[in-house]
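Here's a quick tour of a protein fold for anyone new to reading structures. Take a moment to look over the model before reading on.

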Amino acid sequence: MEEKDWDDEECDDTLTMTTVSRHCFSDDSETPGFSISIIENMKEDYGLFVWPCSVVLAEYVWQQKHRFSGATVVELGAGTSLPGLVAAKLGARVTLTDNSTRLEVLDNMRRVCDLNKLECNVLGLTWGVWDSPLFNLQPTLILGADVLYDSNAFDDLFATVTFLLQNSPGSIFITSYHNRSGHHLIEFLMGKWGLKCLKLLDGFSFLPSDKASLLSGNIQLAEVALISKDNA
């Protein structure tokens, strides 16, 4: 169930409409559930809005909770950061990243961490740009919700993902995406960057019915890793 509380704020003579959405995670196991609150700006085109792919990836993180407890996680293009915050709630050490030029998005990420009483590192990271903080990241799991939306940015994204995978041997990239550009382009670029798909799922195949009823589209979830030299 998702609840929204609306708040209108006057800023620079323009009306900025924000909402706090609450996203719940629970199942029938002995693991207690929890909710994550997200501050959204409904006038933003992206970045400050919880997109369907983010809901799908966050649910997958919850259902794969055993992999995230104690893991080191980096979320790329995090925006409102729902998947990364779920990972942090499960006990992962999380770095949330988004384009270094989008200061309002990075600012909102810090606010959301404070709202949920979670300690995450927030980092400006632009795909394909080799700033020094990138070299210190050694994630065991890399998350990316709807990062495959602009084919012009695919090479920069895959370059960054490949570097992070190389910097932390055995790590996995988990991404959810709308099948807009087709699998052929994604498969081509994975091959170009020495990556392979370990798992490909229909995003609705594991989504609870109450959440699935609120979403639409052809959403895929993939787990991606480096091609090992033994298999090259």
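Which strands and which helix do the buried residues of helix 5 pack against? They pack against strand 4 (72-76), strand 7, strand 8, helix 6 (183-192), strand 9 and strand 10. Keep in mind that this is a predicted model.

- Seven strands make up an open sheet in the order 6-5-4-7-8-10-9, and their pairing is mixed.
- Strand 6 (121-124) and strand 9 (195-202) sit at the edges with a single partner strand each, so one side of each has no neighbour in the sheet.
- From one strand to the next, the twist averages 20°.
- As background, the strands of a sheet pair through backbone hydrogen bonds, and they can run parallel or antiparallel.

**A pair to look at**

- Strand 7 (residues 141-145) and strand 8 (residues 172-178) are paired in the parallel sense, over five bridges.
- If you look for isoleucine 142, you'll find that its bridge partner in strand 8 is phenylalanine 173.
- Helix 1 (residues 52-63) packs on the sheet, where it touches strand 7, strand 8, strand 9 and strand 10 (219-226).
- The direction of helix 1 makes about 145° with that of strand 8.

**Back to helix 5**

- Helix 5 (residues 154-167) has 14 residues and spans 20 Å from its first C-alpha to its last, close to the 20 Å expected at 1.5 Å a residue.
- Helix 5 is mostly covered, with 10 of its 14 residues buried.
- Among those buried residues are Phe154, Leu157, Phe158, Val161 and Leu165.

Definitions and conventions:
Residues numbered from 1 in each chain as written. Predicted model: local features only at pLDDT ≥ 70, side-chain atom pairs only at ≥ 80, totals over all residues. Heavy atoms only, no water. Pairing = 2+ DSSP bridges. Helix = DSSP H or I, 4+ residues; strand = E, 2+ residues; numbered from the N terminus. Axes fitted to C-alpha atoms, helices over the stretch in contact; angles between N-to-C directions. Contact = heavy atoms within 4.5 Å. Expected span 1.5 Å × (residues − 1). Buried < 20%, exposed > 50% of the residue type's maximum accessible area, 1.4 Å probe, protein only.
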